[in-house]
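Please look at the sequence and the three-dimensional structure shown here before reading the report.

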Amino acid sequence: MTTQPSAKSIPPLTERDDDQHAVGGGLSGFDASAEAIYVAPNWKLVWWRFRKHRLAVFSGVVTLIIVTIALVPGFFSTQPPEQIDSLRTFIPPQRIHFFGPDGFGPYVYDITGQRNPTTLMMEWVPDESKPIPLGFFVRGYDYEILGLIPTNIHLIGVSDPAIISPVHFLGTDRLGRDQWSRLMYGTQVSLSIGLVAVILSIFLGVLLGGISGYFGGWIDMIIQRLIELLQSLPPIPIWMALTAAMPRDWTVEQVYFAITIILSLIGWTTMGREVRGRFLALREEDFVTAAELIGCSKPRIIFRHMVPTFMSHIIAASTLAIPVMIINETFLSFLGLGLRPPAISWGVLLQEAQNLQSVATAPWLLLPGLAVVITVLALNILGDGLRDAADPYS
Amino acid sequence: MLQYIIKRLLLLPFLLFIFSVIAFALIQAPPGDFVTSYIAELAAGGSAVEQAQIDALREQYGLDQPMTVQYVKWITRILQGDLGVSLDWKKPNAELIGERLALTLLLGLFTFIFTWAVAIPIGIYSATHQYSALDYFFTIFNYFGIATPTFMTALVVMWLAFKYFGVSVTGLFSPEYIDAPWSWAKFMDLLSHIWFPMVILGLDGTARLARVMRANLLDELKKPYMEMARAKGMSEWRLVMKYPVRLALNPLISTIGWYLPLLFSGSVIVATVLNLPTIGPLLLRALITQDMFLAGIIILIYCGLAIIGTLISDILLAWIDPRIRMEES
């Protein structure tokens, strides 16, 4: 969290090449502008270094977009995600055309369905005589922003209220539900599961890892053996068994939290090791010894001097842990052991594409997988960038 | 060395005990005991169950006794080689698991060899040709390999193979060999099918391993002993293979400990999608139908494989890296 707000509060640098010195870590120039490095707080150094990694910055932007979708999925979708239309099943994705006969103006062609006389399957073809104009910030179905503010404005949708046929950017599934809107809502669930599971892992990891590294001795021994034991368990079968043990009559919310707990039960061990290692390494650092010598209290040393130093490491490690959690939730739900309908997550969406037959009928059902790949890629590259930047003195 | 191995081996029974307790706790976790679900299943099938029979079943598994007694009964039966009968398949568990376990191990080992055979050359190339076009290509490939869930790769490739070549790549055998007894022809048939799940399953590991190898080797290549050897006129190729590669491999050996078990247990998802006759899909079905004794045994097997994986990596590491040997003794 330290890097994000810093984006808006870059220090007023007098010279443009100032950060070049800072990032390079070189002591080549002792001119006045380079002094900024010596007085800059840790998070500023991290930010200057992170900025250099263009791909990571780009991934950060992609992550922000995904987070925005997760916050207000209703704004980005075109239909209520549960809306069933038995007459409009397995519609392939409708292509968006950006330039019409009269300049820029996105539109899609309406589709008409015919039943194939031999296979009895509906076959959908675009009807080029009926373009449906699309508009931005159009009024559609009612939803609530963050469950608080009721509204009906959507980012994109059919701009002419007279046209009633809905548009499906990513097609529809076997019940005629709009895949695009479901993907938007799935983003909320999948991303937040990853986040909540990682927050739980951090809590457990920082608590137990901190205790382990701070007290040492037999407490350290026990916690380390516990971590080793948990890490040597095969995670996938254990998760499967635990999720399968969830009572069938649990509500969506109960299952949701149970899954985050199950995922973080093994996930905290990595974080615990990381925190303990940092604690042990920092205890030997000069600035900690200095703080001890001038008589700082223990809590002050820990929270004022040690925690801010490894905070960036924790953030980097958790950024790298979120995609792992997302993939784990996806595969559990995909196998039918994780979230269950009516909950919507990427795993639940991919369950529709579980076998060759459904994939062959409607390949677009695999598209939620692309969302998984993009999100995981963005978070991994962002995490790598943060990790490299986390140690600005190296 | 021997002392070190014996030390590790002595830990085994203790670990196995803890894992068996965990596996037992897991199969006890679902609400109701398994006899309840068995009776429910029989009743759903239309056959009435006599109270005497229910009591006999409960007696046999010690279900009316405290947990500790139940655990002791359960583990004793397993240790005596009696794996029980699957209520779902109506077959002995041992028979169900037997061949599938062998195939799981085979697939895991094949994937493991594939991963190392591909990842290490890629890692060496990327490190020695840092920032070359191929290095960038491999880096991108690695990122995608890690980001794509294995079942996604399996689904996409399966679909493409079906769409463009009209072939179904599922299963490990051709239809005529599925129920056939083992023969040379069946084995060859297996080999002609196993490469596909092997590649799918190994992609993610290959990507990770290549990345680690590249990073390790890059660290080594910067060290002064490289300059020294070059100054003495050693050929670049021999130099790289003889010193830095060997050193860079050390940290990789320690990954065997978690990677090998992950291959065995991680294949659950891919095996389900590709419909492979391994123990993964068996576990999934057992968990869904609440066939908890079968599930418990499979989880125990996975735990056992995890222990063996760790053991192998510990021994290999001690064998390769003298520093670890010395430290222990």
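The model is predicted, and local features need pLDDT of at least 70, side-chain atom pairs count only at pLDDT 80 or more, while totals for chains, interfaces and linings use all residues. Residues are numbered from 1 along each chain as its sequence is written, and chains are lettered from A and ligands numbered from 1 in the order in which they are written.

Chain B contains 14 helices and two strands, where helices (H or I, at least four residues) and strands (E, at least two) are DSSP runs numbered from the N terminus. Along the principal axes, the C-alpha atoms of chain B fill a box of roughly 85 × 60 × 40 Å. Of its 329 residues, 34% count as buried, a residue being buried if 20 or more other C-beta atoms, placed from the backbone, lie within 10 Å of its own.

Chain B gives 37 residues to the contact with chain A, and chain A gives 32 residues; two residues are in contact if their C-beta atoms, placed from the backbone, lie within 7 Å. The elements of chain B that each give two or more residues to this side are α1 (2-28), α6 (133-147), α7, α11, α12 (279-288) and α13 (292-320). By class, the side of chain B that touches chain A has 30 nonpolar, seven polar and no charged residues, with Ala, Val, Leu, Ile, Met, Phe, Trp, Tyr, Cys and Pro counted as nonpolar, Asp, Glu, Lys and Arg as charged, and the others, Gly among them, as polar.

Two packed helices are described by the angle between their axes and the distance between the axes. Axes are lines fitted to C-alpha atoms, for helices over the stretch in contact, and angles run from 0 to 180 degrees between N-to-C directions.

| Helix pair | Angle | Axis distance |
|---|---|---|
| α7 (150-165) and α11 (244-274) of chain B | about 20° | 9 Å |
| α9 (235-244) and α10 (252-283) of chain A | roughly 155° | within 10 Å |

The angle makes α9(A) roughly antiparallel to α10(A), whereas α7(B) and α11(B) are roughly parallel to each other; angles under 35 degrees count as roughly parallel and those over 145 as roughly antiparallel. In chain B, the contact is made by B:T150, B:F151, B:A154, B:L155 and B:M158 of α7(B) with B:I269, B:V270, B:V273 and B:L274 of α11(B). In chain A, A:P235, A:W239, A:L242 and A:T243 of α9(A) meet A:I259, A:I262 and A:I266 of α10(A), a contact of six nonpolar, one polar and no charged residues.

Chain A is assigned domain 1 (13-52), domain 2 (94-167) and domain 3 (182-389), with bounds from an automatic or database domain assignment.

Conventions. Angles under 35 degrees count as roughly parallel, over 145 as roughly antiparallel, 65 to 115 as roughly perpendicular and the rest as oblique. A residue is buried if 20 or more other C-beta atoms lie within 10 Å of its own, exposed if 12 or fewer, and partly exposed in between; C-beta atoms are placed from the backbone.
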